[in-house]
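Visitor: I would like to learn how to read a model like this one. Please take it feature by feature.

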Amino acid sequence: MILCLRPDGKDIYNFMKIGIHHNPGSFSDRWIKYCELNKIDFKIVDCYQNDIIQQLEDCDAFMWHHNHLNYKDLIFAKQLLYSLENAGKKVFPDFKTNWHFDDKIAQKYLFEAFNIPHVPTYIFYTKQDALKWVEKANFPQIFKLRCGAGSLNVSIIHSKKVAINKIKIAFGKGFFLFNRSGYLKELIRRYGAGKDILLNVLKALIRLVILSDNTKMLKKEKGYVYFQEFIFSQGFDIRVVVIGDKAFAIKRKVRKNDFRASGSGDIIYNMDEIPISAIKIAFETTNKIQANCLTYDIVFNEKEEPLILEVSFGFVMFVYDECPGYWDKNLQLHLGQFNPQSWMVELLK
Ligand SMILES: Nc1ncnc2c1ncn2[C@@H]1O[C@H](COP(=O)(O)OP(=O)(O)O)[C@@H](O)[C@H]1O
Ligand SMILES: [Mg+2]
């Protein structure tokens, strides 16, 4: 541990103290458990308090699994993390992992700037530019909001007329970030498939008319419009998670009579079903952009080449517990259970 010596002579394993913002049900559950088990010094902090910087004064590192749908997190999570990182603390997620999180507009420019194989995307910031593009566009096109997850803000547009309607809304009243009718439809689908309970369907129905306090605070999405070429996906996408020098993956089947895999809940864990080209591109991209924890949504073109749809530092924790193993940087397979959240803590050392 000579590499990690501090002026006081202690190595990093002895001196590191991590501040963790705890949100039950998020990564922090497992970060805390891992720290306890491995005697890593940590304290729970509360990011929503005005004195968060003071709370972290005695910490070398800070971890926060912030949430893309929580209005408070949307206001300041990135800014807090960047400030602390800039001031010399280790943070998770770090800047290069986080700045494009839940921002498909940022990701368009990221992928183009780094020449990362991706699905061609068209974004317009005026109604006139968008209408001009639509005249010559081929259909179908995929319409998305810059943010959202579980496919809720993603739809397929089959005609110019529908595209024009989307453009009008984008430069008019705007879109709700949380798609309540889409969420209700999704819960009805899940209930029909025996994957959810009636109570949740009823709650979503009520939320159609009575907005939650959080939804009321979310800003509307407007002032841009996002279209993307449609890639015929043969019924699935591949999701690869890279953390440091390890990667694991799942194959997600699309919903019935739909093109969208994200959030379908129909998952194949068999590692033989994961094209190794997807693992490779995920490692290469993480390396290129110098991030250290990213999930990749990947589809394949007609030449079977992987194209990245989306990146995100966050993911639904429990979904990956059934993964039978992971790949290392040399694409060697390692079978057996693992704890991705422990790898996140290890990134800070
Ligand atoms: N351009 C596209 N062509 C084909 N399928 C797509 C395209 N974009 C998205 N999809 C499908 O829709 C799903 C959701 O899209 P994504 O951009 O990942 O949004 P989300 O943030 O909701 O996960 C993907 O998992 C994929 O199955
Ligand atoms: Mg996605």
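Guide: Start with the metal. The protein donors of the magnesium ion (ligand 2) are Asp297 (OD) and Glu310 (OE), at 1.9 to 2.0 Å from it. Donors are N, O and S atoms within 2.8 Å of the metal (3.2 Å for Na, K and Ca); water is not among the atoms, so sites may look incomplete. Asp297 belongs to strand S14 (residues 293-300) and Glu310 to strand S15 (residues 306-312), so the pair ties together parts that are 13 residues apart in sequence. Helices (H or I, at least four residues) and strands (E, at least two) are DSSP runs, numbered from the N terminus.

Visitor: What kind of model is this, and how are the labels assigned?

Guide: This is a predicted model, where local features need pLDDT of at least 70 and side-chain atom pairs count only at pLDDT 80 or more, while totals for chains, interfaces and linings use all residues. Residues are numbered from 1 along each chain as its sequence is written, chains are lettered from A and ligands numbered from 1 in the order in which they are written, and side-chain values use heavy atoms, with hydrogens and water left out.

Visitor: Is Asp297 buried or exposed, and is Glu310 buried or exposed?

Guide: Buried means under 20% relative accessible area, exposed over 50%, and partly exposed in between (1.4 Å probe, protein chains only). Asp297 is buried at 4%, and Glu310 is buried at 14%.

Visitor: Which residues are the closest to ligand 1?

Guide: A residue is near a molecule or strand if one of its heavy atoms lies within 4 Å of it. Ligand 1 is surrounded by 22 residues, the closest being Lys104, Lys144, Ser151, Glu229 and Asp237. For polar contacts, look for a pair of N or O atoms within 3.5 Å; within protein, one must be able to donate a hydrogen and the other to accept it, and residues adjacent in sequence count only if both atoms are side-chain atoms. An oxygen atom of ligand 1 lies 2.9 Å from a side-chain N or O atom of Ser262, and an oxygen atom of the ligand is 2.9 Å from a side-chain N or O atom of Glu310. The backbone takes part as well: a polar backbone atom of Gly150 is 3.4 Å from an oxygen atom of ligand 1.

Visitor: In what order do the strands of the open sheet lie?

Guide: Two strands pair if DSSP finds at least two bridges between them. Here four strands form an open sheet in the order S2-S1-S3-S4, with parallel pairing. Strand S2 (41-45) and strand S4 (90-92) are the edges, each pairing on one side only. Neighbouring strands of this sheet are turned by 20° against each other on average, direction ignored. Axes are lines fitted to C-alpha atoms, for helices over the stretch in contact, and angles run from 0 to 180 degrees between N-to-C directions. Strand S3 (residues 61-63) is joined to S4 by three bridges, and Ala61 has Lys90 as its bridge partner in S4.

Visitor: Which helix packs on the sheet, touching S3 and S4?

Guide: Contact means heavy atoms within 4.5 Å. Helix H4 (residues 71-86) touches S3 and S4, and its direction makes about 155° with that of S4. Helix H2 (residues 28-37) lies across strand S1 (17-21), S2, S3 and S4, at about 155° to S1. Among the buried residues of H2 are Trp31, Ile32 and Tyr34, and the cover over its buried residues includes helix H13 (340-347).

Visitor: Why is strand S10 described as largely enclosed?

Guide: Four of the five residues of S10 (residues 225-229) are buried, so the strand is largely enclosed by the rest of the structure. S10 pairs antiparallel with strand S5 (residues 121-124) over four bridges, where Thr121 stands opposite Gln228. Strand S6 (residues 141-144) also pairs antiparallel with S10 over four bridges, and Gln141 has Glu229 as its bridge partner.

Visitor: How many residues lie between S16 and S17 in their hairpin?

Guide: Four residues lie between them, and Leu331 in the turn has a positive phi of about 65°. Strand S16 is covered on both faces, with Gly325 and Trp327 buried on one side and Tyr326 and Asp328 on the other.
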